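The following briefing concerns a single protein chain and is arranged by topic. Please inspect the sequence and the coordinates alongside the text.

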Amino acid sequence: MFVPLNKHFLVEPVDLSPKKESLVAVPDDYKASTEGRYQTVKFLSMSDDCDTIFDILFDSIGDVILIVDKTTMEEVFIKDVKYTIVHQNGIVGVMENLNET
């Protein structure tokens, strides 16, 4: 079990972009080169010393999707398990109402 410390969040990257069928055969793991600076991630846990505003935001039921600056994301490998962490300063927003269009 990984427990984030020092104002870090444990997150899981998620892709919320709509899937498009390609007219050209490409590998399943192919990623288009149109990647931006930000990434959507699923909130998993956070350090106890994070700012109190996050306690208020995450005191809800259901998945919390965050928008983070990709340059602040770090991957930690422990016994072949990958954990993705981000410092609280790398969080730029929270997604709401994911089911609405």
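His8 lies in strand E1, where strands (E, at least two residues) and helices (H or I, at least four) are DSSP runs numbered from the N terminus. The model is a predicted one, in which local features need pLDDT of at least 70 and side-chain atom pairs count only at pLDDT 80 or more, while totals for chains, interfaces and linings use all residues. Residues are numbered from 1 along each chain as its sequence is written, and side-chain values use heavy atoms, with hydrogens and water left out.

**Surroundings of His8**

- His8 counts as buried because its relative accessibility is 14%; buried means under 20% relative accessible area, exposed over 50%, and partly exposed in between (1.4 Å probe, protein chains only).
- A polar atom of the His8 side chain lies 3.1 Å from the backbone oxygen of Leu5. Such a polar contact is a pair of N or O atoms within 3.5 Å; within protein, one must be able to donate a hydrogen and the other to accept it, and residues adjacent in sequence count only if both atoms are side-chain atoms.
- Apart from neighbours within four places in sequence, His8 is in contact with Met46, Ser47, Cys50, Ile85, Val86 and His87, contact being defined as heavy atoms within 4.5 Å.

**Surroundings of Thr40**

- Thr40 is placed in strand E2 and counts as buried, at 17% relative accessibility.
- The side chain of Thr40 has a polar atom 2.6 Å from the backbone oxygen of Val14.
- When residues up to four places away in sequence are not counted, Thr40 touches Pro13, Val14, Asp15, Leu16, Ile65, Leu66 and Ile67.

**Overall architecture**

- The protein has one helix and six strands, and from the N terminus its elements follow the order β-β-α-β-β-β-β.
- Of the 101 residues in the protein, 27% are buried.
- Among contacts between residues at least 6 apart in sequence, 75% join residues at least 24 apart.
- The accessible surface comes to about 8,000 Å², of which carbon and sulfur atoms hold 52%; areas come from the Shrake-Rupley method with a 1.4 Å probe, and for residues only the protein chains shown count as cover.

**Aromatic pairs**

- How many aromatic pairs does the structure hold? The structure holds two. Rings of Phe, Tyr and Trp (its six-membered ring) pair if their centres lie within 6.5 Å; planes under 30 degrees apart count as stacked, over 60 as edge-to-face and the rest as tilted.
- Phe2 and Tyr83 form a stacked pair, with 4.9 Å between the centres and 20 degrees between the planes. Phe2 lies in the segment before E1 and Tyr83 in strand E5 (residues 81–87), so this pair ties together parts that are 81 residues apart in sequence.
- Phe9 and Phe43 form an edge-to-face pair, at 5.9 Å centre to centre and 65 degrees between the planes. This pair links distant parts of the chain, as Phe9 in strand E1 and Phe43 in strand E2 are 34 residues apart.
- Phe9 is buried, at 0% relative accessibility, and Phe43 is buried with a relative accessible area of 18%.

**Salt bridges**

- There are two salt bridges, each requiring a side-chain nitrogen of Lys or Arg within 4 Å of a carboxyl oxygen of Asp or Glu.
- In the bridge between Arg37 and Asp69, the closest N and O atoms are 2.8 Å apart. Arg37 lies in the loop between strand E1 (8–13) and strand E2 (38–46) and Asp69 in strand E3 (residues 65–69), so the pair ties together parts that are 32 residues apart in sequence.
- Asp69 is buried, with a relative accessible area of 8%.
- Lys82 and Glu75 meet through their side chains in a salt bridge of 3.5 Å, N to O; Lys82 counts as partly exposed, at 46% relative accessibility.

**Nonpolar surface patch**

- Ile53, Ile56, Leu57 and Val94 make a nonpolar surface patch of about 360 Å². Patches are made of residues with over 30% relative accessible area and no salt bridge; like charges are joined within 9 Å, and nonpolar side chains (Val, Leu, Ile, Met, Phe, Trp, Tyr) within 5 Å.
- Helix H1 (residues 52–57) supplies the largest share of the patch, three residues.
- Ile53 is found in helix H1 and is partly exposed, with a relative accessible area of 47%.

**Positive phi values**

- Most residues other than glycine have a negative phi.
- Asn6, which is not a glycine, has a positive phi of about 55 degrees; Asn6 is placed in the segment before E1 and is exposed, at 53% relative accessibility.
- Lys79 has a positive phi near 50 degrees; Lys79 lies in the loop between strand E4 (73–78) and E5 and is exposed, at 80% relative accessibility.
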